[in-house]
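Welcome! Take a look at the sequence and the structure, and then we will walk through some of the features together.

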Amino acid sequence: QVQLVESGGGLVQAGGSLRLSCAVSGSIFSRNVLGWYRQAPGKQRESVAGITSGGSANYADVVKGRFTISRDNAKKTVYLQMNSLKPEDTGVYYCCADWVDETGAYWAYWGQGTQVTVSS
């Protein structure tokens with residue numbers, strides 16, 4: 001059973017920083033992507049950043065230069081360092097682990113989400 005547990009959300013003033021963590025338990029495929037998504041009230045869930053098991057990262061344009069994703073494969077944990085936060089970064093942040101296994105089957109697991117609120 002794969003489980004993802006996020007932590008580190010909270011309330012911060014605009015311009016401040018937060019660091020999110022997501023711990024993955026259970027067996028996951030060796031080649032995987034760990035990512036962060038967010039959902040603001042009344043909006044669809046959107047991708048924020050992702051990082052492959054090899055360390056290649058990608059970011060949504062709106063967070064480039066402000067957010068940094070990293071992972072510790074030994075600890076099976078992914079992090080999202082968020083700097084220069086803006087009110088529009090407010091939302092529930094979800095962690096996701098996904099991969100395509102050797103049979104071609106696609107797997108995706110999600111955490112329960114952590115609230116990030118940025119006040120102006």
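Strand S3 and strand S8 (residues 77–82) run antiparallel and are joined by 6 bridges. This is a predicted model, where local features need pLDDT of at least 70 and side-chain atom pairs count only at pLDDT 80 or more, while totals for chains, interfaces and linings use all residues. Residues are numbered from 1 along each chain as its sequence is written, and side-chain values use heavy atoms, with hydrogens and water left out.

**Strands and their partners**

- Strands (E, at least two residues) and helices (H or I, at least four) are DSSP runs, numbered from the N terminus.
- Two strands pair if DSSP finds at least two bridges between them.
- S9 and S10 form a hairpin with 5 residues between them, and Gly104 in the turn has a positive phi of about 90°.

- Contact means heavy atoms within 4.5 Å.
- A polar contact is a pair of N or O atoms within 3.5 Å; within protein, one must be able to donate a hydrogen and the other to accept it, and residues adjacent in sequence count only if both atoms are side-chain atoms.
- Thr114 sits in strand S11 (residues 114–119), and it counts as buried because its relative accessibility is 11%.
- A polar atom of the Thr114 side chain lies 3.3 Å from the backbone nitrogen of Gly9.
- Leaving aside neighbours within four places in sequence, Thr114 is in contact with Glu6, Gly8, Gly9, Leu20, Gly91, Val92 and Tyr93.
- Asn32 is in the loop between S3 and S4, and it is buried because its relative accessible area is 5%.
- The side chain of Asn32 has a polar atom 2.8 Å from the backbone oxygen of Phe29.
- Beyond neighbours within four places in sequence, the contacts of Asn32 include Ile51, Arg71, Asp98 and Trp99.

**Partly exposed loop residues**

- Arg45 is in the loop between strand S4 (33–39) and strand S5 (46–52).
- Not counting residues up to four places away in sequence, Arg45 touches Tyr37, Arg38, Gln39, Tyr94 and Trp110.
- Arg45 and Tyr94 are 49 residues apart in sequence, and their C-alpha atoms are 9.0 Å apart in space.
- Ser84 lies in the loop between S8 and S9, and its 41% relative accessibility makes it partly exposed.
- Apart from neighbours within four places in sequence, Ser84 is in contact with Gly15, Gly16, Ser17, Arg66 and Asp89.
- The C-alpha atoms of Ser84 and Leu18 are separated by 9.3 Å, although these residues are 66 residues apart along the chain.

- Most residues other than glycine have a negative phi.
- Ser84 is not a glycine, but it has a positive phi of about 50°.
- Lys76 also has a positive phi, near 50°, in a residue other than glycine.
- Lys76 is found in the loop between strand S7 (67–72) and S8, and it is partly exposed, with a relative accessible area of 29%.

**The largest pocket**

- On a 1 Å grid over the protein atoms alone, a pocket is an open set of points with protein on both sides within 12 Å along at least five of seven lines, and lining residues have an atom within 4 Å of a point.
- The largest pocket holds about 220 Å³ of space, and of its 13 lining residues, Arg38, Lys43, Glu46, Glu88 and Asp89 are the closest to its centre.
- A volume is the space filled by probe spheres set on the grid points, which are joined across faces, edges and corners.
- The lining has 2 nonpolar, 4 polar and 7 charged residues.
- Ala, Val, Leu, Ile, Met, Phe, Trp, Tyr, Cys and Pro count as nonpolar, Asp, Glu, Lys and Arg as charged, and the others, Gly among them, as polar.

Definitions and conventions
Buried < 20%, exposed > 50% of the residue type's maximum accessible area, 1.4 Å probe, protein only. 1 Å grid on protein atoms, 1.4 Å probe; cavity = no way out; pocket = protein on both sides within 12 Å on 5 of 7 lines; lining within 4 Å.
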